[in-house]
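Biologist: I'd like to learn how to read a structure like this one. Could you take me through it one feature at a time?

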Amino acid sequence: MVSFVLAMCLFSGQGYEEVARLLTHGQERMGRRKGTWRVPTTAAIGRARLRAGP
(Lines give C-alpha, C1' and ligand atoms only; values in the text may rest on other atoms or scores of the structure.)
Protein backbone atom coordinates (compact mmCIF):
# COMPACT_ATOMS: atom_id res chain seq x y z
CA MET A 1 0.00 0.00 0.00
CA VAL A 2 2.87 2.36 0.73
CA SER A 3 4.30 1.78 -2.74
CA PHE A 4 0.87 2.46 -4.19
CA VAL A 5 0.51 5.78 -2.34
CA LEU A 6 3.95 6.86 -3.54
CA ALA A 7 3.06 5.82 -7.09
CA MET A 8 -0.12 7.91 -6.82
CA CYS A 9 2.10 10.94 -6.21
CA LEU A 10 4.23 10.15 -9.26
CA PHE A 11 1.21 9.52 -11.50
CA SER A 12 -1.15 12.11 -10.01
CA GLY A 13 -3.07 12.57 -13.25
CA GLN A 14 -4.08 8.89 -13.40
CA GLY A 15 -6.88 6.97 -11.72
CA TYR A 16 -6.37 4.35 -9.00
CA GLU A 17 -6.61 1.38 -11.34
CA GLU A 18 -4.16 2.85 -13.85
CA VAL A 19 -1.64 3.66 -11.11
CA ALA A 20 -1.90 0.08 -9.81
CA ARG A 21 -1.39 -1.26 -13.32
CA LEU A 22 1.67 0.95 -13.90
CA LEU A 23 3.14 0.04 -10.52
CA THR A 24 2.83 -3.71 -11.01
CA HIS A 25 4.06 -3.49 -14.60
CA GLY A 26 7.26 -1.93 -13.30
CA GLN A 27 7.62 -4.61 -10.62
CA GLU A 28 7.15 -7.36 -13.21
CA ARG A 29 9.84 -5.86 -15.42
CA MET A 30 12.24 -5.80 -12.46
CA GLY A 31 11.42 -9.45 -11.66
CA ARG A 32 9.80 -8.68 -8.29
CA ARG A 33 6.36 -10.00 -9.14
CA LYS A 34 5.70 -13.43 -10.53
CA GLY A 35 2.50 -15.25 -11.38
CA THR A 36 -0.90 -13.89 -12.22
CA TRP A 37 -2.26 -10.69 -10.78
CA ARG A 38 -5.37 -8.65 -11.44
CA VAL A 39 -5.64 -4.89 -11.03
CA PRO A 40 -7.77 -4.23 -7.94
CA THR A 41 -10.97 -2.27 -8.30
CA THR A 42 -11.17 1.35 -7.19
CA ALA A 43 -13.35 0.27 -4.24
CA ALA A 44 -10.77 -2.30 -3.10
CA ILE A 45 -8.02 0.31 -3.25
CA GLY A 46 -10.14 2.77 -1.27
CA ARG A 47 -10.75 0.16 1.46
CA ALA A 48 -7.03 -0.63 1.64
CA ARG A 49 -6.23 3.06 2.05
CA LEU A 50 -8.74 3.27 4.90
CA ARG A 51 -7.09 0.30 6.62
CA ALA A 52 -3.65 1.93 6.25
CA GLY A 53 -4.86 5.04 8.08
CA PRO A 54 -3.45 8.57 7.96
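This is a predicted model: local features need pLDDT of at least 70, side-chain atom pairs count only at pLDDT 80 or more; totals for chains, interfaces and linings use all residues.

Biologist: What percentage of the chain's residues count as buried?

Modeller: Buried means under 20% relative accessible area, exposed over 50%, and partly exposed in between (1.4 Å probe, protein chains only). Of the 54 residues in this chain, 17% count as buried. The chain exposes about 4,300 Å², with 56% of that supplied by carbon and sulfur atoms; such areas come from the Shrake-Rupley method with a 1.4 Å probe, and for residues only the protein chains shown count as cover.

Biologist: Which residues make up the largest nonpolar core?

Modeller: In soluble globular proteins, nonpolar side chains tend to be buried together. A nonpolar core is a set of buried Ala, Val, Leu, Ile, Met, Phe, Trp, Tyr and Cys residues joined through side-chain atoms within 4.5 Å. The largest one here has six residues: Phe-4, Ala-7, Met-8, Val-19, Ala-20 and Ile-45.

Biologist: Where do the buried residues of helix 1 sit around its axis?

Modeller: Look at Phe-4, Ala-7 and Met-8, the buried residues of helix 1. They cover an arc of only 105 degrees around the axis (taken from the directions from the helix axis to the C-beta atoms), so they are on the same side of helix 1. Turn to the other side and you'll find Val-2, Leu-6, Cys-9 and Leu-10 exposed.

Biologist: Which residues is Phe-4 in contact with, leaving aside its neighbours within four places in sequence?

Modeller: Contact means heavy atoms within 4.5 Å. Phe-4 touches Tyr-16, Val-19, Ala-20, Leu-23 and Ile-45 in that sense, neighbours within four places left aside. Phe-4 itself is buried, at 8% relative accessible area.

Biologist: How many aromatic pairs does a search of the whole structure find?

Modeller: Rings of Phe, Tyr and Trp (its six-membered ring) pair if their centres lie within 6.5 Å; planes under 30 degrees apart count as stacked, over 60 as edge-to-face and the rest as tilted. The search finds one pair. Phe-4 and Tyr-16 form it, edge-to-face, at 6.0 Å centre to centre and 75 degrees between the planes. Phe-4 lies in helix 1 and Tyr-16 in helix 2, so the pair ties together parts 12 residues apart in sequence. Tyr-16 is partly exposed, at 27% relative accessibility.

Biologist: Which residue forms a salt bridge with Glu-18?

Modeller: A salt bridge is a side-chain nitrogen of Lys or Arg within 4 Å of a carboxyl oxygen of Asp or Glu. The whole structure has one: Glu-18 bridges to Arg-21, the closest N and O atoms being 2.6 Å apart. These two are three residues apart in helix 2, so about one helical turn separates them. Glu-18 is partly exposed at 27% relative accessible area, and Arg-21 is partly exposed at 38%.

Notes: Residues are numbered from 1 along each chain as its sequence is written. Side-chain values use heavy atoms; hydrogens and water are left out. Helices (H or I, at least four residues) and strands (E, at least two) are DSSP runs, numbered from the N terminus.
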